[in-house]
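Please go through the fold of this protein with me.

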Amino acid sequence: MTNKYMEVRKSPIHRYGGFALKKIRKGTRIIEYQGERISPKEADERYAKAGPKSIVVLFNVDKKTTIDAGVDGNDARFINHSCDPNCEAVDDKGRIYIEATRTIEKGEELFYDYNLTRSKDDAPDVDKQYLCRCGAANCRGSMLEPLKAKRSKAKKRKD
Ligand SMILES: [Zn+2]
């Protein structure tokens, strides 16, 4: 399947990537993230042994739905992660689209922030497993969602 905005070729960041075929205006809907829609539980079972490799093909829509681009997926699965991306993933009634967040010049590699969900049973070295090498000045070193800030809290006074 061809897409008029992007093509897949070798990426200097990670294996293959999506590249702009022409100048893309901010807000342009570039491509839909397609694949088989399954439950997150089924996705876990399918890719239990794949580890970080599974992120190449899985997109979590909500608590009930994960898109497995390993089955009937399109070129959207090749778009790499960056902590300083030029695209974002937009949920439009449960369908996921990759849209430009700024003007992208012809030939630029496309990126969005994978913002991978964390879970309670993540290994302590999970950030190392999902290490980010995007090279952005603000790279957080991980493709997982940022850790929630820990805020100090005052004790309630008993009176
Ligand atoms: Zn990064």
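Q: How many bridges join strand 4 to strand 6?
A: This is a predicted model, in which local features need pLDDT of at least 70, side-chain atom pairs count only at pLDDT 80 or more, and totals for chains, interfaces and linings use all residues. Residues are numbered from 1 along each chain as its sequence is written. Strand 6 covers residues 66-68 and runs antiparallel to strand 4; strands are DSSP runs of E with at least two residues, helices are runs of H or I with at least four, and both are numbered from the N terminus. The number of bridges joining strand 4 to strand 6 is three.

Q: Which residue of strand 6 is the bridge partner of R37?
A: Strands pair if DSSP finds at least two bridges between them. For R37, the partner in strand 6 is I67.

Q: Which are the edge strands of the open sheet?
A: Three strands form this antiparallel sheet, in the order 4-6-5. An edge strand here pairs on one side only, and that holds for strand 4 (36-38) and strand 5 (58-60).

Q: At what angle to strand 6 does helix 1 run?
A: Helix 1, residues 40-47, lies across strand 4, strand 5 and strand 6. Axes are lines fitted to C-alpha atoms, for helices over the stretch in contact (C-beta atoms, placed from the backbone, within 7 Å). Angles run from 0 to 180 degrees between N-to-C directions. For helix 1 and strand 6 the angle is about 40 degrees.

Q: How many helices and strands does the protein chain have?
A: From the N terminus on, the order is β-β-β-β-α-β-β-β-β-β-β-α. The count is two helices and ten strands.

Terms used:
Two residues are in contact if their C-beta atoms, placed from the backbone, lie within 7 Å.
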